[in-house]
Every structure is written in C-alpha cells, then in structure tokens.
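Hello,

Here is the structure I said I would pass on. My notes follow below it.

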Amino acid sequence: MKQALIASLRAASGSMTPALAKVADTVVAQPQTTLYQSITELAETSGSSEASVMRFCREQGFSGFQDFKLALAK
C-alpha cells in the first residue's frame, strides 16, 4: 500500500493547490521521515500550515493525519 500511496501522491500533486502540493512533494521525498513527524513538523518541513496538512490528508480520503500515517506505514 505504501508504494501505491506514494505513486498516487506523485501523480496527483500536479493538480493540487500549491500548499497541498508542497505537502505531497515532502511526503513523496521523505516517506520514512514523515512517519515519525507530528503534523506541526510536517507543516514546517513542507513550508505549509497545519491546516494544509489536514486538508491534504482529507483530500486523499483519510480521516486525519494519524490515519494517513498508518496507511503510509503499511
């Protein structure tokens, strides 16, 4: 699932808003690091806001950041 999720993010990032694309690009570039980051840390790393990270997770079909990280870990 992890590889499928990363491939999906890579494909979708071009159609995302700039803030959400920053989050997607960061996750694609550093999936292992993302697993251990808080929502605040991912927002800072990607140059976006916590709200953008939450919106990113919800637009990908997850209930929140923790749900997204669980899918990324599988």
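Which residues touch the most other members of the largest nonpolar core? They are Val 27, Val 53, Phe 56 and Phe 68, in a core of 22 residues. H1, H2, helix H4 (39–46), helix H5 (50–59) and helix H6 (65–73) each give two or more residues to this core. H2 gives the most, with 6 residues. A nonpolar core here is a set of buried Ala, Val, Leu, Ile, Met, Phe, Trp, Tyr and Cys residues joined through side-chain atoms within 4.5 Å. Buried means under 20% relative accessible area, exposed over 50%, and partly exposed in between (1.4 Å probe, protein chains only). In soluble globular proteins, nonpolar side chains tend to be buried together.

Please note the basis. This is a predicted model, where local features need pLDDT of at least 70, side-chain atom pairs count only at pLDDT 80 or more, and totals for chains, interfaces and linings use all residues. Residues are numbered from 1 along each chain as its sequence is written, and side-chain values use heavy atoms, with hydrogens and water left out.

The overall picture comes next. The protein chain has 6 helices and 0 strands. Helices (H or I, at least four residues) and strands (E, at least two) are DSSP runs, numbered from the N terminus. The C-alpha atoms fill a box of roughly 25 × 25 × 20 Å along the principal axes. The radius of gyration is 11 Å, which agrees with the value near 11 Å for a compact globule of 74 residues. That radius is taken over C-alpha atoms, and the globule rule is 2.2 Å times the number of residues to the power 0.38. Of the 74 residues, 45% count as buried. Contact means heavy atoms within 4.5 Å. Among contacts between residues at least 6 apart in sequence, 54% join residues at least 24 apart.

Leaving aside neighbours within four places in sequence, Val 53 is in contact with Val 23, Ile 39, Leu 42, Ala 43, Ser 48 and Phe 65.

Ser 13 sits in the loop between helix H1 (2–12) and helix H2 (18–29). Ser 13 counts as buried because its relative accessibility is 15%.

Ala 21 lies in helix H2. Its relative accessibility is 12%, so Ala 21 counts as buried. Beyond four places in sequence, Ala 21 is in contact with Ser 13 and Met 16.

Best wishes
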